[in-house]
Each structure stands twice: as C-alpha cells, then as structure tokens.
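Hi,

Here is the structure I said I would pass on. Have a look at it first, and then read on for what turned up.

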Amino acid sequence: MNAVRIGIDVGGTNTDAVVMDSNGSVLAWQKVATTPGRLDGITEALTAVLTGVEGQLVNQVMVGTTHPADALRSPQHLGRVGVLRIGAPATLSVPPFTRWPAALVEPVAGPVAVIGGGHEHDGREINPLDVDAVREFARSCEGAVDSIAVIGVTSPVNTDHERRAAAIIRDHLGDEVAITQGHEISGIGLLERENSAILNGSLITLHRTMIDGLFRILAERGLSPDLYLTQNDGTLMSAGQAARRPVLMIGSGPTNSMRGAAHLSGLKDAIVVDVGGTSTDVGLLVDGFPRISALPVEIGGVRTNYRMPDLISAGFGADSSPQPGPANVAKRLTALADRIKASRGELPLVAVGGGAHLVPDRIDGVSEVLRPESVQVANAIGAATAEASGVVDQIFVYDNSTRESCLAYARERAEEEAVLAGADPARVRITKLIEVPLTYMAGSSARVLVQAQGPLPARM
Amino acid sequence: MLEITVDDVDDLATGAAVLGSGGGGDTYIPTLMAVEAITHHGPVRVAHPAELDPEGLILPLGAMGAPIALVEKFFSGREYQAALSVLEQHLGRAGVGVMPSEVAGSAALLPVTAAAALGLPVVDGDTMRRAFPKLEMTQLGLARIPASPMVLVDVKGNTVLITGSDNEDVERLSRAAAAEMGMIAIAAAYPITAGQIDEFAIPGSLTYCLELGRRIRGIDPGQPDSYVELLEDFDGRVIFTGKVGEVHRRNGRRGPLGTFTLEHLHAPDRVMRVDFQSENLVAIEDGVPIVTVPDLISLVDLETGNPLSTDLLDYGHRVHVLALPAHERWHTSDGIALVGPRAFGYDLDYVPFGTTS
Amino acid sequence: MSISLRQLLTLGHLPGHSVLAGASGLSAPVHAVVPGTTVRALKEPAEGRLVVFAAGQLPLDDPNADLAIRFCASSGIVGLITTPPKHPVALSTLRLADKYGIALITAGSVDQAATVTALEADVRAPEVTGAHRLTAVVRQLSPHSSDAPQVIAVLRSELRLPLALLDSEGHRVEGDESVDWEQLTSRLKDVLDSSHPTERVHDAPDGAQLILHPVVLPTSQRAGLWFAAVVEADNSAMVDPVRHCLAIGAWGFTAHLATRSLMTEVEGRQRALLLGEILDNAESPSRQTVERATVLGWRLSGWHTVVHLATAGGTLSVAPAGFAADLEAALAAAGIVAPVVERPDGWMLWVTEEIALDSADQERLARIVRQALLSIESEHDGLRMCAGVGLPAQGSIGLGNSLREARKASLLARANQTMAAVERTDPIGLKRMLLGWYSYGPARDIAAEVLEPLRAADPTGELNRTLGCFLDYESSIATTAAVLGVHRNTVLHRLTKIRTLLGVDLSDPNDRLAAHLATRAEQLPQEPEPDHT
C-alpha cells in the first residue's frame with residue numbers, strides 16, 4: 001500500500017489541492033475559487049481530489065495559506081498584544097511600535113515595557129533579567145491583552161531571558177494568553193524581530209481558528225494525517241508549532257510556486273517565471289530553493305527580516321489586455337531573466353502558472369524553456385513536496401575559538417533544529433551557509449547564517 | 001536660525017549614505033533614534049562655529065565598532081551625557097556643542113540625537129566630510145591635533161577614557177575597548193574648542209550633507225540625466241552607469257575588502273572596476289584611474305535612487321556611479337599622503353578630481 | 001623567421017602555466033623577452049616584447065593590473081608573465097586583457113632570470129628546437145613500454161599540441177578529448193580506410209593542419225589505427241617536427257603491438273587446450289597434463305571454486321581483445337590469483353584452496369569479480385558482462401562440477417538488468433526454482449504475451465527495458481533514470497505509458513510480481529539451456 005500526501009495552497013483568488021504519491025508523482029489535482037472563510041474552498045478542493053483515494057493512505061497534509069497576510073488588511077480582526085522588551089538600558093532610544101502604521105497600532109498595541117536584561121552577541125548577559133519588572137508588566141496585562149510578545153536583546157544567541165520572562169508571565173496570566181518569544185520567530189535584528197513577534201501575537205487567535213478548522217475538515221473525512229503548514233521560506237512546520245507562529249506563514253505562496261517548479265522540472269538551478277492572471281513573477285532557483293532577498297521585507301507596512309524569495313514582478317499576465325505580443329514578452333523576459341541571475345552564463349527557465357503558455361521558447365541568456373505538466377498547481381505541489389528546516393543566525397568572534405569550530409557548531413545546531421522540526425535525521429543536509437564579515441571590525445568576526453533541511457520521514 | 005526637525009532626518013540620512021561612499025554603517029536605526037529624540041526633546045539647533053564660545057568644548061561624536069551590532073543592541077540615548085561629563089571633567093571646560101565626527105553613515109545622525117538629549121546645539125561641521133576607517137584619518141589628525149583624550153561609552157553607561165600621544169595607539173586601544181563593550185560604543189575623540197573648528201575641522205559639513213540628501217531624495221530616478229543638475233551644483237559627476245558583473249569580497253585585516261566589476265549598460269566593451277575597503281576607494285575604467293580616494297565614489301540604485309553600501313551590492317545590481325570631490329582641505333600633499341590611494345595600500349597616484357573622463 | 005607567443009609557450013620553459021586572459025595575443029610574434037621591473041616601466045615603447053615579472057612584482061589581483069594592461073596596449077607589449085595572484089583576478093582585468101589582446105600568463109614559480117634567458121634563446125633561434133624534440137621522442141620510446149597511452153604521453157610532452165590515436169573510422173581510441181576528431185576526419189574516410197595507407201597532411205578549419213600517420217601491422221595491408229595531431233595556423237613552423245615525431249611514435253607503437261599480440265595469442269590458446277583436456281579426463285588426467293598444469297601454476301587437487309563469465313547482451317556482443325589478461329590483472333590487484341581461460345561459451349576462472357571457501361569467501365570472490373567487470377565495462381562502451389559463481393568442489397572432477405553450477409548462476413545473472421551482474425549458486429534452491437521457471441517453454445510464451453503490447457507500441461524495446469529496470473530497482477525512478485541514462489521525467493513518462501498499455505497496477509503485489517517475472521523471462525537468451533541436469 002502506498003502512502004499519499006496532500007498539498008493545499010490557499011491563495012487570494014484560487015485554492016489548489018493536489019494528491020501525490022511517495023515517489024513524487026501527481027495522482028490528482030483540483031483548482032477551485034477561494035472562499036471568504038477559506039475553509040469552504042478547502043473543503044471543496046479536498047473533496048474533489050480525495051475521490052478515489054483511500055482515506056487511510058493519506059498520511060501527510062501540507063497547507064500553504066495567505067490568510068495571515070489578508071488579515072493585516074482588515075485590522076479589526078487582529079488581537080491586542082502586550083509587548084515586553086528585555087534589554088534596558090540598551091535600546092531605550094527607540095521604543096516598540098516605532099514607525100508602525102497608525103491603523104495597526106490602534107487595534108494591536110497593548111501595554112509596553114522595556115526592562116533590564118538581554119545579552120551581548122557572545123551570549124553574556126548585558127544585565128541580569130529584572131524579574132520584578134517582568135511581574136509588574138504581567139500585572140499590567142491582566143485582562144488587557146489577547147496575547148503577549150517577549151523580545152530579548154540578542155535572544156537568537158541566548159534564549160534564557162526570553163524563556164524565563166515567559167515562564168513568569170505564564171504563572172501570572174495562565175495558559176490562555178499566548179506568549180510569542182522573539183527567538184521562536186526571527187533572527188538577528190531586534191526591531192525586526194520585535195515587530196514580527198508583535199504581528200505574530202496579533203494573528204494567533206485567528207490562525208488557531210483556521211488550523212482547528214483544518215483539523216475538523218480532515219476529521220470529518222475520517223482522515224488523521226500529520227498536518228503541516230508551509231513557512232515563508234518554503235519549509236514545513238507542524239500544525240501544533242505553526243498554530244503559535246502565524247507570522248512565519250505569511251508569505252509562503254511565491255516560495256511554494258518556485259519549489260513546485262523545481263519539483264516538476266527536476267531542475268535545481270533555474271529561472272522560474274510564474275505567469276498569473278494579472279502579473280508575472282520572476283525568481284531564481286539556486287540548488288532547488290528560491291534565492292532569498294537581501295533587503296528587509298515589510299509586512300503590512302511593518303519592517304521585518306523574513307527570508308522571502310527575491311522576486312521581480314512584471315506588469316503583464318494571462319488576462320492582460322491587450323495581450324503583449326511574443327516578441328514583446330521575449331524582450332521583457334530577457335531583461336528580467338538577466339536581472340535575476342546571480343552570475344554570468346545561461347540557465348534553463350521553468351514557466352509555471354496559468355499563463356505559462358505565454359512564455360516564448362527562445363529567450364536570450366536562457367538555455368531552454370520548460371513547461372512541465374501540472375504547472376497550474378505548482379503552488380500546491382510545492383507545499384506537498386516541502387521539507388522541514390532549521391536555521392541558525394548568529395555573530396561569532398573567531399578569536400575565542402577557531403572559525404572551523406564555530407562553523408561546525410552552527411551547522412550542528414541547524415541540523416538539530418531541522419530534526420526537531422520533523423526532518424528525517426538520516427537525510428538532513430546543510431542547504432545554506434552565509435558568512436558575512438563585519439565592517440569596521442578586524443577580520444575575525446562574522447555573522448553566520450546556516451540553514452539545514454531534510455524531507456519528512458516516509459511512514460505508513 | 002537653522003534647526004533640524006523630524007522632517008529633516010531622512011534627508012540627513014540619505015546625504016550621509018552618499019557621503020559614506022559605500023561605508024559608514026547602515027542609517028536605519030540611527031534615523032529612528034534621531035526621530036525619537038527630536039520628537040521627545042524638540043528640534044535641534046544647528047550652530048555655526050562662530051556663534052559659540054571659542055573656548056567652549058566641542059564633542060566630536062560618532063560610534064566605534066561594528067555597525068551591524070546596532071541592529072541588535074542599539075543605544076539607550078543616555079551615553080552622550082556620560083561622554084560629555086567625562087571629557088568636561090578631564091579637560092576642565094564646559095561643553096558648548098556636539099559635532100559629527102563624520103557626516104557619513106550612522107555617525108551623521110548620532111550627534112543630532114545627542115544634541116537633542118543634551119540640550120546643546122549641533123555644530124555645522126565635521127572632521128572629514130566623508131567616511132574613513134581609521135581614527136587618524138581626520139582633518140584634525142592631519143593638523144597634528146591628538147585624538148586623545150578619547151572617551152568610549154557603552155549602553156550600560158560604562159566609560160573608558162583613553163589618553164595617549166600617538167593617534168595609532170589610541171586607535172588600537174579604542175578598538176579593543178569597543179570590542180569588549182559588546183562590539184559597539186559611542187565614541188568621542190579629538191575634543192576641540194569651538195574656536196578651532198574653522199581652522200582645523202571642516203565647517204559647513206552638516207548643512208552640505210542635509211542639502212545633498214534633500215536633493216538626492218528629490219530626484220526622479222527614472223528620468224535620464226536626472227542627476228546632472230544636482231551634481232553640477234556639488235561639482236560632481238556620474239562617471240559610469242552599469243550593471244554589477246562580478247563581486248570579489250574577502251576578509252582583510254581591518255574588515256572586508258574587494259572589487260566590483262561594472263559593465264556599462266549601453267556600451268558593452270566599457271568596464272569599470274571599483275576597489276573598496278569598507279568604503280569605495282578607487283574607480284578605474286579601461287585601465288585608467290578616474291576617481292581615487294579621498295574623492296568620493298558612491299553607487300546608487302538605478303531604479304530607486306537609493307545609495308548602496310558595499311555589503312549589499314551583488315551581481316546584477318544596476319547602478320549609477322556618482323563621484324564627488326573631497327573637501328579641498330584633503331587635496332593638499334599632506335592630505336593625500338594621509339588618505340590618498342597609497343594610504344590604503346594601492347600603488348596608485350592620486351588623480352586630481354575631474355582631470356580624467 | 002619569428003616565433004609566436006603560443007609557440008613559445010609550447011616549448012616547456014613554463015611548466016604548469018596558464019593563460020588567464022588575452023588569448024588572442026598568443027598569435028602575436030614575439031621579438032624579445034625582457035625582465036619586468038615596475039608597472040610604470042611598461043609605458044616605454046616595446047613592440048613585440050614579452051615581459052617576465054619576478055614573483056609578487058605584478059599582483060594581478062590589484063587595481064594596478066588594469067593599468068599595466070593599458071600601458072602594454074599602448075607600448076606594443078604582447079604578453080605578461082607573472083606568478084598566480086593570492087586572490088581572484090577581477091573580471092575587469094580579464095576583460096581588459098581580452099579587449100587589448102594582451103596575454104596574461106601565470107606560472108607557479110617563475111625564476112625571472114632563467115625564464116628570460118631560456119625564452120629569449122628560442123625567440124632568437126626557433127628552428128633549433130625541432131631537432132631536439134625528435135631525439136627526445138626516440139630516447140623515450142621502447143618496444144616494451146610503448147602502449148598507446150605511453151606513446152601519446154611522450155609525444156604530447158614533446159609537442160604540446162592536440163594528439164590522438166584514432167581507429168580507421170576516425171573514433172578517438174586514446175588522446176585529447178578537446179578536439180572533435182570524428183568531425184575533423186569526417187571527409188577522410190577513404191584515406192583512413194585506404195589499402196595503401198601513408199602519412200597525410202590535411203587542411204583543418206581556421207587554417208590549422210591535421211597530420212595523420214598510419215599504424216600498419218605486418219599481418220595486414222590496411223591501417224587499423226592512426227596517430228593524429230592538429231597544428232594551429234600560427235604554429236605552422238611545427239608541421240615538420242610533428243610529422244617526424246608521429247612517424248617515430250607510430251614505429252614504436254607498431255613494434256609493441258606485434259610483440260604483444262604474438263605472446264597473448266600463443267599463451268591463450270595453450271591454456272584453453274589444457275583446460276579442455278583436464279575437464280574431459282577429469283577422472284584420471286595423464287601425467288603430461290598434470291605436469292603442464294603445474295608449469296602454469298594450476299593445482300588439480302584441493303577445493304576449486306569456479307566463476308563462469310559471458311557477455312550479457314549489451315550493444316557490444318564480443319568482448320574486447322585482451323579481455324582475459326585485463327581481468328586477470330584486475331583480480332590480481334584485488335589479491336586474487338586465478339587463471340582466466342577462454343571457453344567456447346565465455347570464460348572461466350577459478351581459485352583453488354586447501355579447504356572449501358565458506359559462504360563469506362564466496363561472497364567476497366563474487367564482489368571482486370563484479371568490481372573487475374565493472375571497471376572493464378566502463379572502459380568499453382556498450383559492453384555488458386555477467387558472471388556466475390559455482391559452489392566449491394574437490395579435485396579435478398570438482399572443477400567440472402563447479403563450472404556447471406557457475407554456468408547456471410551466470411544464466412541467472414544475465415536475466416538481471418544491472419551492470420556487471422554476478423550471481424552465486426544458491427544452495428537453498430530458490431533461484432534454481434526461478435531458473436526452472438524461466439526456461440519452461442509455456443511460461444515464456446505467457447511472458448511474451450503479457451509484454452506483447454509493449455513490444456507492439458515500441459519495437460525498440462525501450463519500454464520493456466524501462467519496466468524491467470524499474471522493477472529491479474525497487475520502483476526507484478531516480479535509480480532507473482540513472483541506470484538507463486535518461487531524465488527522470490522520461491522514466492515517469494514511460495511508466496505512465498506502460499501502465500496504460502499493460503493495464504496493470506504496479507502498486508498491486510500480484511500485478512507487480514507477474515510483470516517482473518515476465519520481464520525476467522523475456523530477457524533470457526532464446527536457445528534453451530543445454531545443461532539442465
């Protein structure tokens with residue numbers, strides 16, 4: 001008996017579902033219109049693809065959804081968040097919620113405190129955690145917030161103060177008030193991490209409702225698979241973890257589309273052109289993954305440091321009118337393909353999306369143009385074939401220990417994180433290692449970002 | 001009376017990024033700090049040196065360490081007071097103003113924040129009117145004014161006072177101290193009197209930076225020749241418009257260094273190389289040096305007009321290469337000896353600005 | 001007479017050098033070779049000069065490299081020689097060198113004075129070098145050590161240009177892969193296959209010249225092989241030296257071939273005859289037989305374990321000449337000393353020990369044989385070999401018994417789709433059962449019928465092979481794609497087609513087994529196994 005997995009992509013316009021076997025072949029797919037509550041559309045798509053599939057065979061369901069991003073556009077549904085920043089006196093010069101859009105601050109901002117504590121880049125304490133201040137903050141939040149965000153200076157390196165503060169707050173407020181800790185959400189960059197943690201807190205209630213709905217839909221069909229959600233970087237998080245981290249799911253659509261293109265074409269390095277109804281996104285696959293933008297990403301007008309695919313958009317699509325001619329499309333894609341490439345030399349191009357047929361066969365700087373089957377549901381395929389990952393983002397001072405031992409440590413930790421996220425320990429591998437020397441410091445310090453990744457273990 | 005208000009901060013930051021010549025550190029957090037400080041304490045008065053007591057102490061202020069550390073552990077806003085107090089006590093003079101050490105990168109904004117917090121004016125001037133990596137590379141250093149006494153203050157309020165007669169020793173000790181202070185510290189070096197500014201520092205740098213930033217932000221980057229008028233007013237030029245074809249970056253003894261190769265957008269056989277060491281230092285086209293340090297080389301994004309720092313630049317970026325002349329005080333033979341190409345290890349002669357095209 | 005920079009570099013004064021950029025400058029004539037001092041000194045007019053810098057004098061990873069090239073372009077310098085830079089050379093430097101055609105040459109260790117002296121001598125008297133080469137080639141060749149790789153290596157080290165040994169259809173047998181020899185000789189089929197082969201010089205694209213020299217064995221008229229070399233247009237001074245050197249190389253190689261073929265042929269025939277006698281008179285071998293076996297190092301008493309080998313239906317149906325010797329050498333390298341003897345239906349080899357090999361030893365033997373076959377297969381495109389390992393048996397009678405087991409096992413191996421399949425005789429009998437089934441006539445008919453739709457849809461047998469392979473490799477698409485040498489999408493596509501054509505569900509165990517048995521039976525040889533006792 002061969003187990004199957006289901007990938008679901010809930011976009012703003014369409015909801016796609018796909019059933020795949022363990023060899024990566026597509027057994028069935030369905031595209032339906034997205035419904036306001038999301039769940040009805042999911043139900044419809046799921047019902048269609050499950051026809052002829054035995055329920056017991058479905059062991060994994062992966063969902064990519066844009067609903068957290070949509071929620072930020074109608075802030076009345078957002079929850080109120082109490083914000084505790086640990087690091088004073090450091091960082092006092094810029095308080096939480098700085099440069100947030102007023103429309104988001106009003107519904108989201110709860111009590112705010114910046115208290116003593118936090119860590120240096122090497123993990124030492126800047127100051128001990130101000131336990132009394134944590135208690136005082138917790139009291140100020142009683143009955144005033146839906147959730148709480150706790151952010152410590154340099155918490156990606158040392159999580160101690162965030163964890164201890166969260167425990168104290170939980171003692172006061174009980175388990176009903178969800179607590180988002182910065183280190184669970186994002187890497188280096190205090191304000192960006194803080195912003196992400198607050199956004200996360202404001203989305204938690206909404207997101208839990210969605211995930212509960214997903215479980216219910218599956219249960220109604222007699223299914224009890226492992227449920228995963230795809231993150232912004234295209235990797236998976238178990239629904240249990242994901243329910244607490246909605247902000248990590250906020251931009252998974254384009255990543256899923258590119259990962260789907262990689263799977264369908266069998267290519268690891270390629271340009272991906274996703275031709276939608278009104279616009280076209282051009283991205284780059286490097287070793288099977290989307291190249292990630294180096295610039296900060298704003299979500300709902302709030303600056304974060306999420307790893308989002310580096311995309312260039314062109315203003316034409318399958319439904320554009322007038323329809324651009326083939327020569328025009330070729331010319332524009334030639335320019336876009338050249339811009340997205342990371343180095344000289346030719347690359348193949350994979351065309352996906354509903355308008356894939358608009359991409360011409362010959363484009364300068366492109367070795368060949370591929371249009372694999374089932375590209376209409378590349379997003380859902382990307383979700384179904386996603387892997388689990390772990391990331392370490394930290395500043396190392398090589399004077400204290402050798403560069404090799406620092407990098408080895410970072411690799412090990414990333415691999416551990418990936419296994420914790422559900423990756424098969426035997427198949428975890430390092431997918432990214434970026435080492436950035438620090439400007440104006442001697443050559444012995446560097447920011448190191450390591451990502452490890454692995455497929456989910458196959459199981460019956 | 002000129003004041004810096006909340007509305008001026010983004011102009012100042014943009015000007016500082018261009019004058020940073022690819023270095024100087026990211027201005028995002030310092031911008032937020034300045035906006036907060038001005039919002040809280042009110043606009044900052046910009047003082048011409050002549051308006052101040054000539055015997056009064058001027059605090060040339062900047063940050064020392066790795067600018068990246070600021071993204072995680074930025075300042076409390078209380079460090080400036082500690083720096084001022086230590087120097088006032090050590091020198092027995094009262095502070096009358098704050099001056100940017102350099103109107104480039106983050107260091108252009110921190111003094112504004114400090115001035116707001118201290119209730120002092122910010123002096124319209126700096127020590128170099130661009131960014132340089134070494135403590136002795138200032139006009140004051142050129143005039144043999146000692147960098148010492150120098151004060152470093154960390155976020156906890158710890159202070160380190162360094163006194164010494166040799167600027168290189170002071171630099172070495174201060175870097176060690178900054179590293180121990182968690183990689184970043186507020187630094188005040190070259191304490192001078194208001195009376196010394198006109199002669200030994202570079203007066204007018206702050207308003208120059210503000211005006212440059214305002215004009216750059218006013219540009220519509222999509223328009224051809226949009227930089228022409230602006231650069232005429234600043235005696236600058238666009239020396240190349242191209243795409244980054246290759247980036248070589250490596251760790252040097254003093255931080256990252258390397259080479260960008262740019263390919264001209266419209267003339268495929270035109271190639272320019274820009275060699276950098278934290279800042280862009282030398283631009284060479286077709287084997288001919290076009291612009292050399294201390295003159296400024298700044299890369300701006302073709303589409304957005306944003307200045308690009310050396311650590312963000314990557315293959316495929318489309319850029320204008322802007323060149324601006326350094327302040328004339330650098331164009332002396334002593335100035336070139338201190339901060340010309342050879343001071344950075346390039347066996348190249350300084351090319352007087354505008355003599356090659 | 002002047003020498004080009006390219007010719008100068010072929011003379012071997014700069015071992016391990018590389019041309020980083022400015023290759024178009026290699027065609028320029030060199031008038032003088034001078035030591036370099038500073039970058040600024042390159043400004044002085046110096047038409048046709050090659051400048052040699054001492055280690056570290058001209059770091060190509062520095063902005064000054066760009067200035068240096070620009071100065072060369074205006075002063076007429078054709079190239080720069082220096083040590084490799086510590087860091088990568090900037091694209092701008094390379095582009096500039098290409099633009100102005102200034103050759104940037106680096107070599108690991110440049111002794112400035114010695115290099116200048118040596119290069120300068122060649123610049124002054126280029127014709128002297130040809131004679132030196134000829135003597136060097138003669139000195140290095142001998143009939144005992146002149147196989148194809150060695151001859152090519154000697155010629156290449158002296159001539160430093162593209163060289164190859166071609167067969168009479170223009171295929172490369174040995175030598176440079178950078179040249180498309182087949183394309184170059186495509187119009188010379190008549191020449192290569194001529195009944196009176198002689199040395200030829202032909203025009204090649206871009207003004208280059210192709211030089212061909214035949215290798216003719218005493219026993220034949222036609223040339224089975226040719227030495228070939230390409231001389232670029234700007235290197236035309238080399239044509240005569242190359243012709244002479246190829247002639248010497250061909251002479252040495254012919255002598256080597258003649259000696260070798262005589263020895264292997266005589267020895268191989270003797271061994272086959274002797275083995276035949278032993279097997280025919282296994283109960284009481286004659287004294288002469290035992291003595292001759294002893295001379296060859298064979299021992300008739302003791303426990304023998306026989307391996308039977310055969311070709312397994314790749315596109316190459318005949319094993320290459322010298323197969324037995326190659327295999328013996330490969331086994332010896334793995335520590336197994338065993339004679340390999342040609343038989344009417346393949347080859348046999350055996351090991352003899354005081355006590356019978358246990359199962360682990362047999363497994364090891366099978367593994368070593370497989371390794372040896374794999375390496376031989378990899379050297380011969382389209383060759384597929386298979387082998388069977390018999391159970392150990394005692395004495396000269398045992399030798400025959402073990403051989404029979406080995407032949408059956410090799411039949412099983414042949415049904416396998418893997419490369420270099422090796423099967424061991426299976427004492428339990430599971431595989432014997434399958435063997436019985438495979439060779440059972442009606443079963444084969446059923447198999448043929450089951451697979452008929454595939455054959456009808458695809459007479460080339462690709463679908464059939466894909467299915468067999470897919471089932472052999474536990475339904476792994478990736479492995480199937482790798483073994484068949486096709487893209488995984490191709491495999492996916494074929495499997496979809498197969499499912500439709502056969503109407504089977506390969507995830508159903510019964511369907512799967514049936515399909516698997518059918519493909520296996522299908523892949524066996526058509527004639528019935530003669531030895532089914």
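The crossing of H1(B) and H2(B) is right-handed. Keep in mind that this comes from a predicted model. H1(B) covers residues 9-19 of chain B, and its axis comes within 10 Å of that of H2(B), with a crossing angle of roughly 150 degrees. Angles over 145 degrees count as roughly antiparallel, so that is how H1(B) and H2(B) lie to each other. If you want to find the spot where they meet, look for B:Val9, B:Asp10 and B:Ala13 on the H1(B) side, and for B:Thr31, B:Ala34 and B:Val35 on the H2(B) side. By class, this contact is made up of four nonpolar residues, one polar and one charged.

H2(B) turns up again where chain B touches chain A. That contact takes 40 residues from chain B and 34 residues from chain A. On the chain B side, helix H2 (28-41), strand E12 (237-252) and strand E13 (255-264) each supply at least two residues. Which of the elements gives the most to this side? That would be H2(B), with five residues. Sorted by class, the side of chain B that touches chain A has 17 nonpolar, 14 polar and nine charged residues.

Chain B also touches chain C. Here 14 residues come from chain C and 19 residues from chain B. Helix H2 (64-75) and helix H3 (91-100) of chain C each put in at least two residues on the chain C side. That side divides into seven nonpolar, three polar and four charged residues.

Now for the cores. The largest nonpolar core has 296 residues, and those with the most contacts inside it are A:Val18, A:Leu349 and B:Val321. Helix H6 (residues 190-220) of chain A gives the most to this core, with ten residues. Take B:Val321 if you want to see one of these residues up close: leaving out residues up to four places away in sequence, B:Val321 touches B:Val238, B:Ile239, B:Phe240, B:Leu262, B:Met272, B:Val274, B:Ala283, B:Ile297 and B:Leu299. There is also a second, separate core of 41 residues, and C:Val307, C:Ala324, C:Ala372 and C:Ala415 are among them.

Two single residues are worth a click as well.

Start with A:Arg303, which sits in strand E15 (residues 302-304) of chain A. Is A:Arg303 buried, exposed or partly exposed? A residue needs 20 or more other C-beta atoms within 10 Å to count as buried, and 12 or fewer to count as exposed; A:Arg303 has 17, so it is partly exposed. Its contacts, again without residues up to four places away in sequence, are A:Leu191, A:Glu192, A:Asn195, A:Pro296 and A:Glu298. Of these, A:Asn195 is 108 residues from A:Arg303 in sequence, yet the C-alpha atoms of the two are 6.9 Å apart in space.

Then go to C:Leu492, in helix H18 (residues 488-502) of chain C. With 19 other C-beta atoms within 10 Å, C:Leu492 is partly exposed too. Not counting residues up to four places away in sequence, C:Leu492 touches C:Ile477 in its own chain and A:Ser25 in chain A. As for C:Ala478, it is 14 residues from C:Leu492 along the chain, and their C-alpha atoms are separated by 9.7 Å.

Happy browsing!

How values were computed:
Residues numbered from 1 in each chain as written. Chains lettered and ligands numbered in written order. Predicted model: local features only at pLDDT ≥ 70, side-chain atom pairs only at ≥ 80, totals over all residues. Contact = placed C-beta atoms within 7 Å. Helix = DSSP H or I, 4+ residues; strand = E, 2+ residues; numbered from the N terminus. Nonpolar A, V, L, I, M, F, W, Y, C, P; charged D, E, K, R; others polar. Axes fitted to C-alpha atoms, helices over the stretch in contact; angles between N-to-C directions. Parallel < 35°, antiparallel > 145°, perpendicular 65-115°, else oblique. Left-handed = near helix turned anticlockwise from the far one by under 90°. Core = buried A, V, L, I, M, F, W, Y, C linked by C-beta atoms within 7 Å.
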